[in-house]
Structure formats: C-alpha cells, structure tokens
Amino acid sequence: MLMFEKPLGMRDTLPALFEAKKTVRNAISRKIESWGYQYIETPTLEYYETIGEASAILDRQLFKLLDQQGQTLVLRPDLTAPIARVAASRLYKEGYPLRLAYSENVFRAQQREGGRPAEFEQIGIEFIGDSTTSADAEVIALMISALKQAGLTNFTVPIGHIGYVKSLFIEILGNEERADVLRRYLYEKNYVGYRQHVNNLQLSSIDKQRLLSLLQLRGDETKIPYAKELVESESGRKAVDELEQLWQKLKAFGVTEHIKIDFNLVSHMSYYTGILFEVYAENVGFLVGNGGRYDQLFDKFDRPAPATGFAVRLDRLIEALDLPNTEAAIHCVVFSSEQREEAIRFAMERREQGERVILQDIAGLKDVDACVKAFNEVTFFIGNSKKEEK
C-alpha cells in the first residue's frame, strides 16, 4: 500500500519544476554574490542540544533521531542557527562583520497534510557583527533586489520592530502573559478578534483606545510621529527612532516603493530582537520570505554578536512568479549501428555549443513517432542516409 506513497509533507520535484527552481535560484544567487556575500553549507543533521534548542522552530516540528552513540540529532529546521554555530566557531577568528549566504533544504514536521511541505528550500543571507540600522537596510535592500532579479514585480515588504509592540503592551497590560494573548491576534492577522479582546479587557477607555490605535499604524513614513506619541517608554520610542532611521536608509537604496511600515508586526520566531520584516506577493496566500534582527542568538554559543538576515521560500516564490510550465529544450539524436560514430560526433559538437543532446540507439525505441513528439528537435542517422532533422 505504501509503494507509491511519501512521508507526510514530502514532495517529488519533477523536471519542469526542477528547472524553474534552478533558474530562480541562480538568478537570486548571482545578485547575492554581487553584494559580496559568500555561500556556505551546513550539515543536514545537527545536534538537538545545540541547533535544536537554539532554533526558533517549535520542538514538535523537529525531526529527531538517535545516532549510534545515543546522541539526539535533528534534521536542520532552519539555517540561521546552524550558520550562527559556524560563525561562532570556525569563522570566529576571521573577525566580524561576516556576510554569509545559503541555499539549502530545511525540515519541519507536519501533524497533518493540509498542503504544507515538511521539506522545502530556503535561500537567504546572514549579516553578522553589525548592530547598526545600516546593516538592516542592506539586508532588506538586497532581498528586494534579489526578488526583482528573479522576476518578481508586485510585492510588498512590511517592516516593523519587535520592541515597539512589546513596550506598548507591557506599558498597558503590565505582564507578558496578558501581552502574549494580544500578540497572538496580531501574528494571525486576526484584527477583528484583537478588537473584541481589547474591548473586553478591564482597562480605562484611554488605554483601550491606545491599543486599538495600534492597528492604524500601518502605511508610509507619515505613521512614525503617531507611533511615537502612542508609546511612553524609552524602549518603545527607541524602536520608533530605529524604524525612522531605517526608512531613511531604505530611501537612499531607492526601494521604498515596496516598503510598508507596520508597527503591529510581530513574529512567531522567538529569537528576533529588533527590526523585522516580511514579504507578500500577489496571488500567494503565504509569506514568500521574512527576516529580521536577532542580536541574542550568538549568546547561546558564548560568542555574543549582533546579526540580521533574511530567508526566501523558493517554492512560494516560484508560485508567486507564475512561471510558464516549459521544460528545457532537448535535442534527440536517433542513430542506427551503421551511423553510430557520425551520430556521436554530431551530438558532441552540439553539446560543445551548449545544447542538451540525447543519443538514442533506434534499436532501443519501441515507438519512433512518440520519440519525435517528445523532443524539441530530432535528428536521424539511419542506415547509410544522411542526417535528417525534424
């Protein structure tokens, strides 16, 4: 019964999709490399005690297994934590800042199918060792440039600050437990539920209005003064100042046409500490990519360092691009035993010119007409006749 089945959430990649992924991956990689980032690879398997616990992915989504020494391993659930491990160990003596990039598969277990993959490819960068908003601006500007290089045109990048929502909620609600309830509504984009919950809280009308006004702080830079008025704490106003600085630097990069300021942006990724952002594209109901600042992750490797980065989901990006379902052109050379050497020479010449060429002995074909229909171009070397192209 399981002969043709796959584990929950796993997918086969057929030739047309494989070619599309390769084209998009190469386009993004060229752009990332042009900004001076260097690619690295990390193991598919990592120790649970290091990467599993350092990752922001929920424990129930980790694929766990035991090695022969009894150590618990995990299939890497993200790339940020493994790259932090490498940067804090083997690359530590090279000095910061480091600009690293990756393009690898990650694994996250699913409890039910629901169309959610358990294995998917992420392509992204990590900018390690620079705490300034210039680093945040570079990461966001590079991500936008890479998406455009891949062919994406209609997309939006909301930017926010994890510290703003945290400061406002603690000011008004007093503790993390009550704040987490409201954060959940924001994460799920359930603004109706958020309003209903706020209206049911035992708060003054002024504080309720402050919480409801948060939902209006989405748009362009004109929202910044209102955000500063809404929050009272020093940490909250510092978050507004950082977003304002970031906006000005993104203007210098010329990418603000894709940017939207969103002061109620939050994330389920627990290691974010400051600026964070997401990518939404037309006709795709999920995030295409996301990223942000995670200045405390390196503490877990005893090498404190600020860092920021982004990750793009390659499968969702391809869905957003809506690429035509076209496979690469392949030239088929059909030959008989008498013309074998000539057919081989002909195929080699075409391959040297960059073409994809199949050599097919006619004795191995059951249906010549089907072969002709299957390829873009077919050349015959049959008997003593000259080649015939179709």
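# A guided tour of the predicted model

Among contacts in the protein between residues at least 6 apart in sequence, 68% join residues at least 24 apart; contact means heavy atoms within 4.5 Å. This is a predicted model: local features need pLDDT of at least 70, side-chain atom pairs count only at pLDDT 80 or more, and totals for chains, interfaces and linings use all residues. Residues are numbered from 1 along each chain as its sequence is written, and side-chain values use heavy atoms, with hydrogens and water left out.

## Whole protein

Start with everything shown. The C-alpha trace spans about 95 × 55 × 50 Å along its principal axes. The protein has 13 helices and 16 strands. These are DSSP runs, numbered from the N terminus: helices are H or I of at least four residues, strands are E of at least two.

Now colour by pLDDT, the predictor's confidence in each residue, from 0 to 100. The average is 91, and 97% of the residues score at least 70. Select helix α4, residues 133-149: its mean pLDDT of 97 is the highest among the elements. Strand β16, residues 388-389, has the lowest, at 62.

Switch to a surface. The protein exposes about 20,600 Å², and carbon and sulfur atoms supply 48% of it. The areas come from the Shrake-Rupley method with a 1.4 Å probe; for residues, only the protein chains shown count as cover. Of the 390 residues, 47% are buried. Buried means under 20% relative accessible area, exposed over 50%, and partly exposed in between (1.4 Å probe, protein chains only).

## The nine-stranded sheet

Nine strands form an open sheet, in the order β1-β5-β6-β12-β11-β10-β7-β9-β8, with mixed pairing. Its edge strands are β1 (38-39) and β8 (218-219), and each pairs on one side only. Two strands pair if DSSP finds at least two bridges between them.

Zoom in on β1. This strand pairs with β5 (residues 98-107) in the parallel sense, over two bridges. Select Y39: its bridge partner in β5 is A101.

Axes are lines fitted to C-alpha atoms, for helices over the stretch in contact; angles run from 0 to 180 degrees between N-to-C directions.

Return to α4, which also packs on the sheet. Among the strands that α4 touches are β7 (155-161), β9 (259-262), β10 (275-281) and β11 (289-293). The direction of α4 makes about 15° with that of β12.

## Salt bridges

Show side chains next. A salt bridge is a side-chain nitrogen of Lys or Arg within 4 Å of a carboxyl oxygen of Asp or Glu. By this rule the count comes to 23.

Select E121 and R25. They form a salt bridge, with the closest N and O atoms 2.7 Å apart. E121 lies in strand β6 and R25 in helix α1, so the pair ties together parts that are 96 residues apart in sequence. E121 is buried, at 7% relative accessible area.

Move to helix α6, residues 176-187. R183 and D180 both lie here, three residues apart, about one turn of the helix. Their side chains meet in a salt bridge (2.4 Å, N to O). R183 counts as buried at 17% relative accessibility, whereas D180 is partly exposed at 41%.

Then pick D295 and R293. The closest N and O atoms of this salt bridge are 2.9 Å apart. D295 is partly exposed, at 26%, while R293 is buried, at 4%.

Finish with a group: select E171, D207, R210 and E232. A network of salt bridges links them.

## A covered strand

Select β13, residues 331-335. Five of its five residues are buried. H331, V333 and F335 point one way, and C332 and V334 the other. In a regular strand the side chains alternate between the two faces of the sheet.

Five bridges join β13 to β14, and the two run parallel. The bridge partner of H331 in β14 is V357.

## The three-stranded sheet

Last stop. Three strands form an open sheet in the order β2-β4-β3, with antiparallel pairing. The edge strands here are β2 (45-47) and β3 (64-66). From one strand to the next, the twist averages 40°. Three bridges join β2 to β4, residues 72-75. Select E46 to end the tour: its bridge partner in β4 is V74.
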